[in-house]
Every structure is written in structure tokens, then in C-alpha cells.
Amino acid sequence: MAILVALSLPVLLGFAALAVDLGYARQYKAQAQNGADFAALAGAGVLKTGTVAQAGMATVDYAEKNGFSGENVEVDIPPATGAFEGEDGCVQVVTRGGNTAVFGSLFGFDFFDVSARATACATPPLGGPYAVFAGSTTCGQSLNFSGANRTINGNVHTNNDAQITSSGTTVNGDVTFLNGSVPSGNIVYNPAVDNPRRLDEPVGYPDNFKITDYAPGGPKAMLALSQLKYHYAGSANINLTWLTLNLAYNPLTKTIAPGLYYTSGDIDLSGNGYNSTGATFVTSNGDIHFNGNTFNFAAWDPDGLLLFTNKADTSCATNRSVIKLNGNTHFWSGIMYAPNGPIDFAGTNSGASLHGRLVANTVNLSGSNQVLTRNDAWPGKPGGFELVE
């Protein structure tokens, strides 16, 4: 027995030593993971409304507070690896370190290397104070105002430069831009101090409607279907002929039936006097053109979406538009959304009124006597942040 104990004792002591050292390593691994988690969340929290530089400083600060600094912490905005590699709005933190082995050195293990990685993403606030938003960072003059006697109640922003030549225009809100000279013209800015203002970094889109939500089977489509208000056209163009054949138009009152209209084709309505107390028009790959006078439309969508095309047209051509509204005395209530193409209030378009938001890759406003007002009935959603990896 003494001989067996003597022979097995080194093995038993080795297992004991390994258990102690692995326990220390596991504890340090948890510390490294917590440090990475807290630092990534801190950076994403700042990134929600701040700049990349500010988010980076906050990330490093929280890593240091958790015992990681210098070469022991790596911060990437956007992430350099993993499922969210290159994703804007995300912060990745890697913490490194280790612990000296207590008993493992007897068996050739002097140090345990430990590292941990965490990724957190910010969700920017949606909606916000905007009445007009042009999201393109590549199209010159992505925001273009011409015409006269226009009032905008709400903030105006472009992620590039603005060409404002209109006269008799009042903007009751902040005007912000990234490139070009300060917008000039016969415009009254309220507030007058530090307005217009140049920003250092692009601003994320204030809305994030998803085409799949409105396509067959999506949550908005299912909601409309439960109300018997889902009008699906497949790839056909939605126009007056289609509306009439599908019993969605009353020619006596020129009223379009309420609900959600969805197609992969164009949406085209020409004429005068059309109205609907609750209709939302969505196309996955077509244009939306309304041409005529005295239109009166309000959105069906509970989140305020009125017009939405997902069609991509980022050529920056001034004569192109994926949403075009042309005519006089229009009354719109809702959000017009074209994240991949231009919106154009064109032609005479005198007396147009919008309660909602214009959100597009580029925005062109022409005509006179227009009033665009941010509608607080659709404030959007507050921003947030979370660990994602």
C-alpha cells in the first residue's frame, strides 16, 4: 500500500494543482468577460446618440475601470470579427490577460492566457424631430429646396450637402448638413442661433421600416389581413384600373378603400379628387407616382407609414424619383419612406400639406405654398443598446 500511495501521490497532487489553477483561470476568464461586456455596452450606449470617437473613449474608460488597459484591451468600431463584422452601430471589445500558475509550474505550466470578446450594438432612436431627412452620403445636393413660400415645422437634415434656393421659406427647426457651404437663400431659420449647422458624422435614418413586414406573411400584412384590409397585387401595377377591378375604389366619391396595398410593381394614380381615410401603399421594387389635384390621404399603418418603396435608385440623377408627388392642394398624413431612392415634390404642387415625415435617399422640394409638419402622433421608438455576441 505504501508503495502504491507513493507512486500515485504525484498524480493526485497534479490533479489537485490543476484544479486549483483552473479555478483561478476560470475566475479570471469571468473577470475578462465582464470587463469586455461592460465596456462594449458603455460604448454602444454612447454610440446611440454620440460619435464614434466619443463611443471609443467611453469603451476604453470602462475597460480601464474593470482592470484592462493598454495592450490588454482592443476596441473596434465597427467590429473587426464575428457575426457583426463591419456592422455600423456596433462596438467590439477584446480583453486579454491571465494569471500565474500556483502549482502548475511544477508540471511545466507557468501562466494561463485568458481572453474574452463582447459585441454590443446600439439602436438609434427612430422618428425623432425630423420633418425632412435625406440620408445619402454620396449624392451631391442630396437635399434640394426650390420654389417659394414654404413652411417646415420640424428639423431638416441631409447626410451630404443642401441646395436651398427657395424664397419666402421658414424652417421652424434645426437644419443640419455634412458637406458643402452653409445653405443660403431667402429663408428664415427658427431658432436663428447656430442654424443651419454642420455635423461631423452622418446621422442614421430616423425610420427603419422593413419591406418584409408588409409582404405576404409579414406582421403588418397579417394585421391588415385580420381586418380584411390587405390588398395584394402581386407583381401588377396598382392604378385606377386595378383598384376598380378589385372593388377598392368608389367612383362616385373617388374614395379608395382603407387598408394596406402591396405590390412588387408600380403604384400610379393620376386624376383629381382622390381620397382615403386610411391607406398605406407599399411596393418592393416599383415607383410610386401620384399626379393630380386635391388629393387627401391618411395612413392606415399604426406606425404612420403612408408611402414606402424599397426600389434602389442611387444614381443621383436629378430627373429620377421613386416617389413623385405632382399637383396642387394635396393633404397627406403619414410618413413617406424611400431609403434607397429619391422623393420628389415636383411640378406646381401648390398648397401641398404633409403631416408626417419625408425620409429618403435624396429629397427634392419644388413648388409654392407648401406646409410640412412633423407629426408627433408617430414619434418613433427610443434608442437602445444590447449585447449581441
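In this predicted model, a salt bridge joins Glu-389 to Arg-117, with the closest N and O atoms 3.5 Å apart. The pair links distant parts of the chain, since Glu-389 lies in the segment after β27 (384-387) whereas Arg-117 belongs to strand β3 (residues 111-123), 272 residues apart. Glu-389 is partly exposed, at a relative accessible area of 31%, and Arg-117 is likewise partly exposed, at 35%.

A second salt bridge is formed by the side chains of Asp-301 and Lys-220, at 2.8 Å from N to O. Here too distant parts of the chain are linked, Asp-301 being placed in the loop between β21 (296-298) and β22 (305-309) and Lys-220 in helix α4 (residues 219-226), 81 residues apart. Asp-301 counts as buried because its relative accessibility, 2%, falls under 20%, and Lys-220 is also buried, with a relative accessible area of 13%. Through shared partners, salt bridges join Lys-220, Asp-301 and Asp-303 into one network.

Within helix α2 (residues 52-65), Asp-61 and Lys-65 are four residues apart, about one turn of the helix, and they form a salt bridge in which the closest N and O atoms are 3.3 Å apart. Asp-61 is partly exposed at 32% relative accessibility, while Lys-65 is exposed at 59%. The count of salt bridges comes to seven.

How values were computed
Residues are numbered from 1 along each chain as its sequence is written. This is a predicted model: local features need pLDDT of at least 70, side-chain atom pairs count only at pLDDT 80 or more; totals for chains, interfaces and linings use all residues. Side-chain values use heavy atoms; hydrogens and water are left out. A salt bridge is a side-chain nitrogen of Lys or Arg within 4 Å of a carboxyl oxygen of Asp or Glu. Helices (H or I, at least four residues) and strands (E, at least two) are DSSP runs, numbered from the N terminus. Buried means under 20% relative accessible area, exposed over 50%, partly exposed in between (1.4 Å probe, protein chains only).
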